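Me: Can you walk me through this model, one question at a time?

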Amino acid sequence: MSMRSSLACHAAALALAAQLALPAAAQTVVTPTAYDMPNGYGQANLGSFNYWDKAYTGSGDTSLDFAPLSGGLGDLTDGVIATGRWDAVENLEGTGPYVGWAGIDPVITFHFAQSHSFSQVTIWHDDANGHGNVATPMAFTVTVGAQSQRFDITDPAGDAPFASTLVLGPGFTGSSLQLQVHRFDTATMLSEVQISAVPEPASAALLAAGAGLLLALRRRGAA
């Protein structure tokens with residue numbers, strides 16, 4: 001076998017191995033351009049405080065319970081993760097770290113500048129064990145296009161906020177992702193949502209081929 005053929009075989013084998021390994025290794029957090037959802041609730045609907053998405057940058061009344069919000073970003077993607085229970089960190093101004101909903105199972109739609117193969121969704125939420133009728137969500141449903149998956153959540157001991165990590169199966173590819181929150185009690189509260197994706201197959205193959213060729217060339221230089 002010629003040196004050129006040998007290099008080609010090495011590159012192809014390495015590219016295939018790298019491509020197969022990429023989905024787990026190359027998973028990255030992807031940032032939405034906007035999310036749409038109903039605003040949180042507050043005193044107008046018997047809340048002790050106002051649990052609005054007051055920092056939201058898009059259209060909609062951020063001081064009105066359940067007002068439709070669209071085209072912007074806010075508390076759910078600002079990097080602030082609540083470490084205390086709702087009654088310790090929320091306020092009347094609606095500027096606390098949580099967005100809360102009572103009496104509805106909100107649907108939040110995240111939009112992205114390009115298509116992604118989504119792999120994981122992590123949601124930070126309160127776990128008040130029923131204090132003030134606020135509890136850990138019973139479940140989440142993730143939908144991308146025609147693909148949908150429900151995740152039932154187990155409430156751990158204690159009442160400290162925690163994160164639920166939803167690992168998606170194959171086929172969740174698109175430029176938007178829909179997250180529905182299913183309440184266990186009257187109200188539920190989220191402080192942050194983080195979405196991860198893996199490279200598209202064509203991009204992964206290109207990266208893998210490049211990595212394989214570079215490694216083969218280095219071996220040739222060392223020979």
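Me: Where is Ser 191 found?
Reply: First, this is a predicted model, with local features needing pLDDT of at least 70 and side-chain atom pairs pLDDT 80 or more, while totals for chains, interfaces and linings use all residues. Numbering starts from 1 along each chain as its sequence is written, and side-chain values use heavy atoms, leaving out hydrogens and water. Going by DSSP runs (E, at least two residues, numbered from the N terminus), Ser 191 is found in strand 10.

Me: Is Ser 191 buried or exposed?
Reply: Buried means under 20% relative accessible area, exposed over 50%, partly exposed in between (1.4 Å probe, protein chains only). Ser 191 has 1% relative accessibility, so Ser 191 counts as buried.

Me: Which backbone nitrogen lies 3.2 Å from a polar atom of the Ser 191 side chain?
Reply: Ser 191 touches, among others, Asp 75, Ala 82 and Trp 124 (heavy atoms within 4.5 Å, not counting residues up to four places away in sequence). The backbone nitrogen at 3.2 Å from the side chain's polar atom belongs to Ala 82.

Key
Helices (H or I, at least four residues) and strands (E, at least two) are DSSP runs, numbered from the N terminus. A polar contact is a pair of N or O atoms within 3.5 Å; within protein, one must be able to donate a hydrogen and the other to accept it, and residues adjacent in sequence count only if both atoms are side-chain atoms.
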